[in-house]
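Dear colleague,

Please find below the structure I am handing over to you. My notes on its sheet and on its domain interface follow.

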Amino acid sequence: MTSSAIREILKITQRPEVISFAGGLPAPELFPLAEIREATEKVYADHGPAALQYSTTEGHLPLRTWIADRGGLAPDQVQITSGSQQGLDLLGRVLIDPGDVMLVESPTYLGALQAFAPYRPRFVEVITDDDGVVPEALEDQLRTTPAKLIYLVPTFQNPTGRTLSVERRRQLLEITKRHGVTILEDGPYNELRFRGERVPTLFELALADGTPVDDLNVIMLGTFSKVLAPGLRDAWVQGPRPVIDKLVMAKQAADLHSPTLNQLIVTELLDDVLPRQIKIISAEYGKRAAVMINSIAENFPPGVACTDPDGGMFCWVQLPTDAGIDTEPMLAAAVDRNVAYVPGRPFFASGIGHNTMRLSYVTSTEQEIRAGIEALGAVIEDQLVGRAQLR
Ligand SMILES: Cc1ncc(COP(=O)(O)O)c(C=O)c1O
């Protein structure tokens, strides 16, 4: 195990004068505080001590039923977890044998690499472009390297903000099915779209041809972290019963069950507060994203590329590969100018990506975003000039 680079960086960026694009936290001023307080009181009134009692490992049945109904599943095809982070860990525990090949996007969610690593898979990166995983590259890879699992964040990916196109989703389903690969689809940002049309999940597409849930080669992780509040630690895994049955056993061994009180609170919020929150959060994130993307266009030197996400929380910056800049040491120069980001390298299973960085646009005001991007543009400019002089 290695300590998370992100957490280490967050420690130095706690200073109030630093404008931090480094975090992966949702905007706290948008949390539905009053609604959660009200729901908590209702839960105590309605459930009494049962709200504080041990409960079932699978999770609160009305919550599982709501999730199941939305997805065309039965409640016993849903396991509640303490954050999707626990879902990733439990899936690793249940599905990965040491040496199994696990395909991951290049780059991918760092927390997933950390969750799976203790189970000792062999990570193999799949080539991606602006539309996500490149199907032809996946096919080529599977011909030479058979894999058991592929982990994907297909919608508003962390760290790049990219979304896998519908055509590619269909192709990926076909290819993985043919090669006997199970897809782990992680979708924490699915609902946070601020532009364009909704894209069906891989799970939905796989079900659409009439395949029963228990025969799917897709397991999906969902969470309330980004649409309600991450501190509730309420999330779920949905998929075929044989996998869910194993997850129940793994979950029981890990922590018996997720907090009863929090599951009851979330259940109270599902019908009214959740859809309202999704609208509020998506609209606000959309505004902040636009400010960041426009500021980048105005302030970053030519040759620096940035994704332009349609939703989620992140954009991804690539400095010119031939400039030889490493964003890890550059972070010190950025923090000197009171701006911070996450260097991109830890998001690559293979350790490449020294010229990349992840920026979050959601926890800064529009004014801070403008000032921070201007400062970061100057830092990059300095580095480019410094490098050119060394040549
Ligand atoms: C892709 C991805 N998966 C999982 C998680 C973990 O979310 P949760 O709060 O549900 O554990 C995150 C959090 O940032 C994430 O970006």
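Two strands are taken to pair if DSSP finds at least two bridges between them. In this predicted model, strand β12 (residues 314-318) and strand β15 (residues 356-360) pair in the antiparallel sense over five bridges. Within that pairing, Gln318 has Thr356 of β15 as its bridge partner. Helix α11 (residues 273-299) packs on the sheet, where it touches β11, β12 and β15; the direction of α11 makes about 15° with that of β12.

The sheet itself is open and has four strands in the order β11-β12-β15-β14, with antiparallel pairing. Because β11 (305-306) and β14 (342-343) stand at the edges with a single partner strand each, one side of each is left without a neighbour in the sheet.

Regarding the domains, the assignment divides the protein chain into domain 1 (5-30 + 275-390) and domain 2 (33-271). Their C-alpha centres lie 27 Å apart, and 31 residues of domain 1 are in contact with 30 residues of domain 2. The area buried between domain 1 and domain 2 is about 2600 Å², with carbon and sulfur atoms giving 62% of it. On the domain 1 side, Asp310, Phe347 and Ala349 lose the most area to domain 2, together 22% of what that side buries.

Three salt bridges are counted between the two domains. Asp308 forms a salt bridge with Arg195, and the closest N and O atoms of this pair are 3.3 Å apart. Across the interface, 10 residue pairs are in polar contact. Helix α11 gives the most to the side of domain 1 that touches domain 2, with nine residues.

With kind regards

Terms used
Residues are numbered from 1 along each chain as its sequence is written. This is a predicted model: local features need pLDDT of at least 70, side-chain atom pairs count only at pLDDT 80 or more; totals for chains, interfaces and linings use all residues. Side-chain values use heavy atoms; hydrogens and water are left out. Helices (H or I, at least four residues) and strands (E, at least two) are DSSP runs, numbered from the N terminus. Contact means heavy atoms within 4.5 Å. Axes are lines fitted to C-alpha atoms, for helices over the stretch in contact, and angles run from 0 to 180 degrees between N-to-C directions. Domain bounds come from an automatic or database domain assignment. Buried area is the accessible area (1.4 Å probe) that two parts lose on being put together, summed over both. A salt bridge is a side-chain nitrogen of Lys or Arg within 4 Å of a carboxyl oxygen of Asp or Glu. A polar contact is a pair of N or O atoms within 3.5 Å; within protein, one must be able to donate a hydrogen and the other to accept it, and residues adjacent in sequence count only if both atoms are side-chain atoms.
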